[in-house]
Amino acid sequence: VARVEAVPFSDEHLDAAAALLAARHARHREAEPLLPELADPLSAVEREWREEGASGVFARTGYLIASPQTIFDGPTWMRVGIAGHAADGDPETVRDLYAAAAKRWVDDGHTMHAAFVPSFDTELLDAWFRLSFGASAALATRETAGEEPYDGGVAIRNGTREDYAETARLELEMSASMQPSPSFSDVPLQTHDEVLAEWVEGDEDEYELFVAERGGRIVGHILLYRRPPDLRVPEGSIDLAQASTEPEARGTGVGRALTSHVIRWADEHGYPVMTTDWRMTNLRASRFWPRRGFRTTFLRLYRSIP
Amino acid sequence: VSRLDLVPFADEHLDAAAELLAARHARHRALEPLLDPRFEDPAEARPRLEHLWRDDGMSGSAAFRAGRLVGYVIGAPQPREIWGPNVWVELPGHAVEVAEDARDLYAHAAARWVEEGNTRHYALVPPEPALVDAWFRLGFGQQQAHGFREVPREVEVQLPEGCEIRKPEAAIVDELIEVGGALSQHQHASPVFSSRPLPTEEEIRREWLETIDAGEEELLLGFRDGQPVACWSYVRVERSRHFHGLERPDRRTCFLMFAVTLPWSRGTGLGIALTNAGLAWAAAEGYEAMVTDWRVTNLLASRFWPRRGFRASVLRLYRSIP
């Protein structure tokens with residue numbers, strides 16, 4: 001007996017879906033006031049819906065849309081984006097919506113499913129958990145004011161183009177650390193040249209690089225990014241997009257020193273909010289960032305069939 | 001908090017691990033009072049743990065803090081033809097003092113499991129919120145629930161109009177093929193997506209005949225307008241794979257092994273009648289507890305059984321890599 005009458009999502013559902021998303025986001029903002037206002041929920045839903053290969057379902061009380069996403073020639077996930085679903089009332093509705101939508105995804109050969117779910121809604125998270133989804137990543141936010149310097153035995157300075165070879169190496173170390181247990185990332189590792197090319201070609205106006213030196217060597221870096229605003233990224237905020245510490249120096253205070261430095265820098269330079277993200281199965285990261293004051297806004301959940 | 005040191009699990013850890021297991025069982029019993037209190041004694045928990053540890057292919061990790069064992073996780077593969085390239089962490093296969101340590105233990109143990117090609121991981125976990133959350137943050141979602149409930153002394157069975165409950169006979173086995181295959185069909189579909197092959201008609205027919213002939217199951221068939229549309233099967237708990245040792249109630253227990261209703265007859269009250277008829281049978285047979293299990297991705301089952309009084313007191317969690 002179907003509890004929810006779901007139909008394939010189509011253009012005619014955009015307005016109603018936008019209203020559902022606006023209501024969800026209003027509840028989310030009550031729990032996390034740093035989230036921005038959602039001025040244009042219709043555009044937010046439409047962006048998810050216009051992604052290539054998007055499909056989903058709509059019901060009177062909720063909607064769910066996903067689209068195929070591939071990272072660095074790795075596997076393709078059918079991913080529900082941050083504006084890709086909302087339900088009114090009983091969180092259990094999402095299980096019916098997923099059941100209706102996922103049939104097509106699996107029929108189309110998409111057996112890896114991911115969904116960004118507002119983390120304030122524990123009943124909603126539980127509903128996804130009972131669809132066999134586990135937590136694979138977190139998106140988070142915090143205020144930037146009031147950070148004391150931390151003495152990590154490093155000298156921190158702004159990075160320059162001359163540092164890119166080293167920061168590219170550290171970025172690769174970070175990616176490589178996602179491959180062993182328990183992350184078991186199957187995203188193929190780029191070469192140093194590929195990563196370096198991205199650093200060189202990046203638009204410097206969008207980024208702020210900080211490096212930490214110990215004994216004359218770069219042992220850590222943080223890259224801040226002026227991320228375009230969306231329903232989780234406020235206008236005028238800055239994103240802690242990359243952070244890496246030399247493997248041998250992990251746990252020695254490099255990350256703490258860099259983090260307190262960039263939070264203070266952001267505060268002094270007019271960025272009241274900082275966002276970031278981490279892999280939940282990266283044990284070190286998943287413990288480090290909440291201790292640095294970051295509060296989770298969305299969890300990325302993942303299920304692989306079988 | 002002092003550093004966590006991780007080493008491969010070994011015989012020398014059994015005594016201290018049994019202490020941890022007994023303590024965890026005590027916490028588990030606070031959540032599920034039907035569980036057997038004797039396993040709160042490390043001397044009773046230890047043989048269960050050691051028996052598991054001696055299973056083929058068992059491996060795992062032990063965690064120490066300041067030289068004291070504070071947790072362990074051990075697991076072994078089950079038949080690949082059913083579970084794929086897998087490792088199972090059974091209920092006595094893990095215990096921790098601090099829930100978060102389960103993540104380090106899994107990380108240490110799973111490195112070997114994945115290296116050996118076993119990428120589908122199953123774990124039976126008590127419903128302690130912090131512990132479940134720790135596994136959730138390792139990428140595990142819930143796949144199955146093991147439910148427990150008491151058997152009341154008296155149960156009223158109200159049959160919906162046009163329905164009756166009968167025992168099956170070999171003579172009508174051809175009429176039972178659809179009922180026999182309905183659960184597999186349902187679990188093959190979204191959102192369960194079970195990868196078990198669907199049984200053929202011949203296999204279903206043979207299973208019915210063998211089951212009826214063996215006479216070991218209390219089979220209750222639900223008929224609507226003279227047609228068989230549902231089947232509930234009750235057996236003694238010894239027939240179940242999971243409900244033994246730490247997971248078995250401390251009193252006479254039966255196992256609701258199978259239950260299905262044909263799609264067009266769902267939501268009509270027949271399932272409630274069959275459950276109550278089963279409880280009445282169990283009471284008459286002197287059973288004091290009933291256990292069952294269900295796929296939580298089976299939306300109908302996962303909503304139906306808790307409403308029938310079953311408490312999901314053991315969760316089967318699952319992670320597939322990638």
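**Exercises on helix packing and a chain interface**

Helices α5(A) and α6(A) are oblique to each other. The model behind these exercises is predicted.

**Exercise 1.** Work out why α5(A) and α6(A) are classed as oblique.

*Solution.* 
Step 1. Find the helices. In chain A, α5 covers residues 164-176 and α6 covers residues 192-201.
Step 2. Take the geometry. Their axes come within 9 Å and cross at roughly 125°.
Step 3. Apply the cut-offs. Roughly perpendicular runs from 65 to 115 degrees, and roughly antiparallel needs over 145. The crossing is roughly 125°, and the pair is therefore oblique.

**Exercise 2.** List the residues through which α5(A) and α6(A) meet, and sort them by class.

*Solution.* 
Step 1. On α5(A), read off Tyr164(A), Ala165(A), Thr167(A), Ala168(A), Arg169(A), Glu171(A) and Leu172(A).
Step 2. On α6(A), the partners are His192(A), Val195(A), Leu196(A), Trp199(A) and Val200(A).
Step 3. Sort them. The contact of α5(A) with α6(A) has eight nonpolar, two polar and two charged residues.

**Exercise 3.** Describe how α3(A) packs with α4(A).

*Solution.* 
Step 1. Locate them in chain A: α3 is residues 93-107, and α4 is residues 122-129.
Step 2. State the geometry. The axes come within 9 Å and cross at roughly 35°. The crossing is right-handed.
Step 3. Name the contacts. Val94(A), Arg95(A) and Tyr98(A) of α3(A) meet Leu124(A), Ala127(A) and Trp128(A) of α4(A).
Step 4. Sort them. The contact of α3(A) with α4(A) has five nonpolar residues, no polar ones and one charged.

**Exercise 4.** Describe the interface of chain B and chain A.

*Solution.* 
Step 1. Count residues. In chain B, 37 residues are in contact with 35 residues of chain A.
Step 2. Give the area. The two chains bury about 2900 Å² between them, 60% of it on carbon and sulfur atoms.
Step 3. Phe136(B), Phe193(B) and Pro322(B) supply 23% of the area that chain B buries against chain A, more than any other three residues.
Step 4. Check the charges. Four salt bridges are found across the interface of chain B and chain A. Separately, Glu100(B) forms a salt bridge with Arg287(A), with the closest N and O atoms 2.8 Å apart.

Key: Residues are numbered from 1 along each chain as its sequence is written. Chains are lettered from A and ligands numbered from 1 in the order in which they are written. This is a predicted model: local features need pLDDT of at least 70, side-chain atom pairs count only at pLDDT 80 or more; totals for chains, interfaces and linings use all residues. Side-chain values use heavy atoms; hydrogens and water are left out. Axes are lines fitted to C-alpha atoms, for helices over the stretch in contact, and angles run from 0 to 180 degrees between N-to-C directions. Helices (H or I, at least four residues) and strands (E, at least two) are DSSP runs, numbered from the N terminus. Angles under 35 degrees count as roughly parallel, over 145 as roughly antiparallel, 65 to 115 as roughly perpendicular and the rest as oblique. Contact means heavy atoms within 4.5 Å. Ala, Val, Leu, Ile, Met, Phe, Trp, Tyr, Cys and Pro count as nonpolar, Asp, Glu, Lys and Arg as charged, and the others, Gly among them, as polar. Buried area is the accessible area (1.4 Å probe) that two parts lose on being put together, summed over both. A salt bridge is a side-chain nitrogen of Lys or Arg within 4 Å of a carboxyl oxygen of Asp or Glu. A crossing is left-handed if the near helix is turned anticlockwise from the far one by less than a right angle, and right-handed if clockwise.
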